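Here are my notes on the model you sent. Please read them with the structure open.

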Amino acid sequence: MDFNLTEEHIMIRDAARDFARNELLPGVIDRDEKQEFPTKQIKQMGELGFLGMMVDPKYGGSGLDTVSYVLAMEEISKIDASASVVMSVNNSLVCWGLETYGTEEQKQKYLVPLAKGEIIGAFCLSEPEAGSDATSQKTTALDKGDYYLLNGTKNWITNGNNASVYLVIAQTDIEKGHRGINALIVEKEMEGFQVGPKENKLGIRGSDTHSLMFTDVKVPKENRIGENGFGFKFAMKTLAGGRIGIASQALGIAAGAYELALQYSKERKAFGKEISKHQAIAFKLADMATQIEAARLLCMKAAKDKDEHKNYDLSGAMAKLYAAEMAMQVTVEAVQIHGGYGFVKEYHVERLMRDAKITQIYEGTSEIQKIVISRSVLQD
């Protein structure tokens, strides 16, 4: 077991930290308030290679390992989870899925600009009646010979309006159940594709979350990913890696709140001394630090499993479950340590607390992670 980071890992972590502090921190409260997408900052992240971190350089990516991705996600998420969710979706769900299962033609046409950050992508699985139960797809992709006719609605889609490429999961053969589902690459300009209103959210308010409507959209057969009926398996395999990204996001949100609370506790005085010297606060900080380190190790374990081509379904689910639950607890405590100031936007921790909540919900709720984990441990 080697817990040491390589020089390259440290360089990537520090680059992400510097970018977050210098480019994301200014205006982050204002963007949250106005629900403003960080367009300029996302473009910069693309130029720095953060949107295609694990993609092979021959397809425009950075060719880095998953550990590097976890480190960068943590640092970006400490400051702006609205930016890090764009990074997570583009890396974990869109680029990884295309690189792993796409044809060479699909990679050249879509993966290259996505990995370079010239465009961003979206992953479209959830529907009004298909959230945790992803098998209940009502969106249909009828086989019309050389194209599919796509109809339906997708909900809660990150990058919904700003994406150019959408990976859409749809039902082709309802009699085959989940074995009749396909994954299709849809372009924003395709006729019949409409972006719905932006959701007014509790947290990650800078990211654009929309419903998408498809009305007789003609999707060429060459835009199907994998064999006919591979769509559900594609979605599940892709989400397994996505959990590592969201676990890292939750870790970063918690670590960012902890760092702010630690700093504040050394400056704020009560009853004649810094509040960090009161056991009630010191013990809170001790618990927070321990929980964050435990989550970090779980994230690293999952990342290592993925890099070593081991099955990471279990380790990814564990990391996602624990990091998300921990993030909620730690951010609540960070607000508590700040007292009244924690309730005020300019101190950042209330935003981090709001941002933490979604990590328990998207890319598989905490309850779904427990199903994945329990199935794994009970099969022995």
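**Notes on the predicted model**

1. Phe 271 first. Its relative accessibility is 83%, so Phe 271 counts as exposed. The residue sits in the loop that joins β9 (269–270) to β10 (273–274).

2. Glu 363 lies in the loop between α10 and α11. Is it buried or exposed? Glu 363 has a relative accessible area of 13%, so it counts as buried. Glu 363 also belongs to the lining of the largest pocket, and is listed among the residues closest to the pocket centre.

3. Next, the largest pocket. Its volume is about 1,400 Å³. The lining has 46 residues, and those closest to the centre are Leu 125, Leu 239, Glu 363, Gly 364 and Thr 365. Which helix supplies the largest share of the lining? That is α7, with 8 residues. At least two lining residues each come from α5 (81–101), β3 (147–158), α7, α9 (313–338), α10 (349–358) and α11. By type, the lining splits into 22 nonpolar, 13 polar and 11 charged residues.

4. Gln 369 is a polar side chain to check by eye. It is found in helix α11, which spans residues 366–378. Gln 369 counts as buried because its relative accessibility is 0%. Neighbours within four places in sequence aside, Gln 369 is in contact with Arg 243, Ala 317, Lys 320, Leu 321, Glu 363 and Gly 364. Two of these contacts, Glu 363 and Gly 364, are also among the residues closest to the centre of the largest pocket.

5. On to the second largest pocket. Its volume is about 530 Å³. It is lined by 23 residues, and Asp 2, Phe 3, Leu 5, Leu 297 and Met 300 lie nearest its centre. Two or more lining residues come from each of α1 (7–24), α4 (66–79) and α8 (279–307). The most come from α8, with 7 residues.

6. The largest nonpolar core has 93 residues. Met 45, Ile 76, Met 87, Leu 98 and Leu 167 have the most contacts inside it. Helix α7 (residues 231–267) gives the most to this core, with 17 residues. A second, separate core has 18 residues, including Cys 124, Ile 157, Phe 193 and Phe 214.

7. Sequence neighbours within four places are left aside here. Ile 76 is then in contact with Ala 16, Phe 19, Ala 20, Leu 24, Met 45, Ala 83, Ser 84 and Met 87. Among these partners, Met 45 and Met 87 are also listed with the most contacts inside the largest core.

8. Cysteines. How many disulfides are there? The count comes to 0. Take Cys 95: the closest cysteine sulfur, in Cys 124, is 15 Å away, so the two are too far apart for a bond. Cys 95 has 1% relative accessibility and therefore counts as buried. Cys 299 is buried too, because its relative accessible area is 0%.

9. The largest cavity holds about 60 Å³. Of its 13 lining residues, Val 28, Asp 32, Asp 80, Ser 82 and Gly 206 are the closest to the centre. α2 (28–34), α5 and α10 each supply at least two residues, and α2 gives the most, with 3. The lining comprises 4 nonpolar, 2 polar and 7 charged residues.

10. The second largest cavity. Its volume is about 40 Å³. The lining consists of Met 54, Thr 66, Tyr 69, Ser 92, Trp 96, Gly 241, Ile 244 and Lys 306. α4, α5 and α7 each give two or more residues to it. By type, these are 4 nonpolar, 3 polar and 1 charged.

Note on methods: Residues are numbered from 1 along each chain as its sequence is written. This is a predicted model: local features need pLDDT of at least 70, side-chain atom pairs count only at pLDDT 80 or more; totals for chains, interfaces and linings use all residues. Side-chain values use heavy atoms; hydrogens and water are left out. A nonpolar core is a set of buried Ala, Val, Leu, Ile, Met, Phe, Trp, Tyr and Cys residues joined through side-chain atoms within 4.5 Å. Buried means under 20% relative accessible area, exposed over 50%, partly exposed in between (1.4 Å probe, protein chains only). Helices (H or I, at least four residues) and strands (E, at least two) are DSSP runs, numbered from the N terminus. Contact means heavy atoms within 4.5 Å. A disulfide is a pair of cysteine sulfur atoms within 2.5 Å. On a 1 Å grid over the protein atoms alone, a cavity is a set of points where a 1.4 Å probe fits but cannot get out, and a pocket is an open set with protein on both sides within 12 Å along at least five of seven lines; lining residues have an atom within 4 Å of a point. Grid points are joined across faces, edges and corners, and a volume is the space filled by probe spheres set on the points. Ala, Val, Leu, Ile, Met, Phe, Trp, Tyr, Cys and Pro count as nonpolar, Asp, Glu, Lys and Arg as charged, and the others, Gly among them, as polar.
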